[in-house]
Structures are given as C-alpha cells and as structure tokens.
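Morning, everyone. I'll take you through one model today. Have a look at it first.

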Amino acid sequence: MLEAPYVVVDVFTDKQFGGNQLAVITDARGLQSSQMQQIAAEFNFAETTFVLPPADPDNTAQVRIFTRAQEVPFAGHPNVGTAYVLARQQSVFGAQVGETMCFEEAAGLVDVSLVGGADGVCGATITAPKELVVGNRIDPDAMAACIGLQPDEILLHNHVPVSVSVGLPFYTAEVKLESLGRARAHFDAFSEAAKTYGLADLSGRFSTFVYARLGDGVERLRARMFAPLSGNFEDPATGSASAALGAYLSTLAPQVDATFNIDIDQGVEMGRPSKIGLQVSKRDGWPREVKISGHCAQVMRGHLQIQ
C-alpha cells in the first residue's frame with residue numbers, strides 16, 4: 001500500500017470555505033499519471049496538484065496539475081496554493097524553503113515569491129510562465145448564448161470576445177455589471193459553439209471568462225469563469241484567466257510603458273468570494289510580465305491510501 005500525504009487549502013481567500021479549493025499531494029513519488037487523474041477525480045475540486053522532485057536541483061519541485069478530467073500545463077490557484085503549502089513545511093525533498101521558489105511545469109518555469117503575514121506565510125505571488133497570446137475571436141451572439149445572456153449584454157466598445165492566454169487559453173468578454181450575476185453556463189450552447197467555431201483546443205478545453213468593470217478603469221473588476229465541457233460549470237477563482245485578461249487589457253491602454261495593478265473579485269455568486277491581485281508590467285507596448293497574488297487558508301490534511 002502506498003500512502004501519499006495531502007493538504008487541502010482554499011486559495012485566493014484569507015478565510016476557510018471561501019476562494020477556490022485545492023488538494024496538494026505534497027509527495028507524489030510512486031504515483032502513475034493514471035492514478036493522479038483518478039485522485040483528482042476523487043477530490044472533485046477544480047484542480048489537484050502533485051509535487052515531485054525537480055529535474056533541475058536548482059528548482060524547488062516539479063508540479064503537475066490535474067482537473068477532474070485532464071492534466072493542464074498551467075493554472076493560477078494551484079500554483080499559489082501549492083507554494084503556500086510547501087512553504088509551511090520544514091523542507092521540500094530535503095531542501096530548505098526560502099522566500100522564493102521555482103516550479104517546473106508543462107508550460108515552463110513558474111517563479112514564486114512568498115507573501116508573509118503576522119502568523120508566517122499567508123499566500124504567494126507567482127509569475128505567469130508565458131507572455132500573452134491573443135488568439136481567435138468568437139461571435140458575440142455565440143458567447144451570449146453560452147452564458148445565457150442577450151447579445152446586447154456583451155459590451156463591444158472596448159474589445160470583442162477573444163481568446164487570451166499566458167499559459168492556458170480562455171475566451172474572455174466584457175458584460176454589463178447588472179448582467180454578470182445572471183450569467184449561467186449552457187452546455188448545449190458551449191457544445192455548439194465549440195463545434196461551429198472550432199473553439200476547443202486539442203485537449204478539449206473551451207473556457208469562458210466574463211467580467212464587468214467596477215469603476216471607470218480596469219483597476220477593479222468582477223469576473224466569472226465557465227467551462228462545462230471540461231466538467232467545471234463555474235470556477236470560484238481563476239488565476240490563469242485573470243492574468244491573461246489583465247495582460248490583454250493592458251494592450252488596450254494607450255501607455256507604451258506602464259505598470260497596471262488590478263484587483264479581481266470572483267466566486268461571489270457561488271458563495272465562495274475570492275480576491276485575485278494582478279500586476280502587469282507593460283514595456284514597449286506589450287505586457288512582458290504578469291504576476292498573480294493571493295492569500296490562502298488551510299482546511300485539512302491527511303494521507304491517501306493507494307492499494
């Protein structure tokens with residue numbers, strides 16, 4: 001029998017039972033990929049991470065990220081939560097933990113800085129592993145159908161619905177603030193849009209990230225993420241989508257060189273309020289670096305018994 005230690009934390013919140021749930025398997029040595037997928041499905045959270053020794057000893061760990069249905073190359077809240085969990089251990093595979101970490105992931109290296117508080121480490125700031133990629137557009141009517149809104153509730157004066165990614169793709173659209181709370185994922189519309197427009201990537205993902213402004217600028221936003229084709233009808237906190245959106249919005253600003261600080265509220269409609277902090281560094285007209293910050297709260301720990 002193989003015993004694998006785990007810790008469950010809530011991410012992008014400083015209180016238990018808010019934010020986005022994450023299970024961290026802190027020592028995944030001995031587990032096969034198929035078992036990792038089964039464990040992620042058993043926890044039934046948006047993501048579960050599996051921590052392995054790094055290929056390069058200069059890095060902290062290899063981190064593999066699984067949704068309920070598949071492995072993904074990068075995600076925001078799994079990195080923030082995993083860093084928080086590992087920082088509260090005495091060591092990671094025999095190496096002492098400092099104020100920074102570096103995770104090896106399928107999307108590339110993810111740099112981490114720990115966030116301290118009165119009682120020690122309370123969260124982390126991660127740097128997205130890739131620069132912004134702007135992909136295909138989606139018809140506003142199709143986007144509206146997917147999220148159960150009328151076409152005129154999709155706002156087009158700043159940008160059209162479009163795919164954005166800093167390691168994981170999402171289709172993003174701006175909606176009216178009064179419409180955001182009424183949005184709902186419609187599986188049939190998602191399926192039809194994915195088939196008609198070829199929106200799903202090679203892994204079958206088709207995720208939407210819709211947002212509304214809480215003021216005149218982009219400094220405060222409220223968002224929701226839907227991905228029913230991947231088994232995730234709604235996500236309470238999506239760091240990778242937030243980072244991609246923040247990077248994309250910076251490209252629409254007139255400044256050639258600037259730093260944008262953006263706070264995103266998510267999960268409000270689900271009863272799991274989340275707060276995601278972004279810092280986008282724009283240089284020579286393009287976002288060169290995106291940092292994602294958040295707090296965490298531990299909920300439970302234990303051991304999996306794999307027979």
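**Starting from Gln 298**

Leaving aside neighbours within four places in sequence, Gln 298 is in contact with Val 7, Val 8, Val 9, Gln 16, Tyr 84 and Arg 88. Contact here means heavy atoms within 4.5 Å. Gln 298 sits in strand β20. Helices (H or I, at least four residues) and strands (E, at least two) are DSSP runs, numbered from the N terminus.

Some housekeeping. This is a predicted model: local features need pLDDT of at least 70, side-chain atom pairs count only at pLDDT 80 or more, and totals for chains, interfaces and linings use all residues. Residues are numbered from 1 along each chain as its sequence is written, and side-chain values use heavy atoms, with hydrogens and water left out.

Buried is under 20% relative accessible area, exposed is over 50%, and partly exposed is in between (1.4 Å probe, protein chains only).

Now to Met 101. Met 101 belongs to the largest nonpolar core, which has 61 residues. A nonpolar core is a set of buried Ala, Val, Leu, Ile, Met, Phe, Trp, Tyr and Cys residues joined through side-chain atoms within 4.5 Å. Met 101, Phe 103, Val 112 and Ile 292 touch the most other members. Helix α6 (residues 239-252) supplies the largest share of this core, 7 residues. Beyond four places in sequence, Phe 103 touches residues including Thr 60, Leu 86 and Val 112. There is also a second, separate core of 22 residues, with Cys 146 and Val 210 among them.

Next, cysteines. How many disulfides does the structure hold? The count is 0. A disulfide needs a pair of cysteine sulfur atoms within 2.5 Å. The closest cysteine sulfur to that of Cys 122 is in Cys 296, 8.4 Å away, so the pair is too far apart for a bond. Cys 122 is buried, at 18% relative accessibility. Cys 296 is buried too, with a relative accessible area of 7%.

Last, back to β20. Which residues lie nearest the centre of the largest pocket? They are Pro 5, Thr 26, Asp 27, Gln 89 and Arg 301, from a lining of 15 residues. A pocket, on a 1 Å grid over the protein atoms alone, is an open set of points where a 1.4 Å probe fits, with protein on both sides within 12 Å along at least five of seven lines; lining residues have an atom within 4 Å of a point. β20 gives the most to that lining, with 4 residues.
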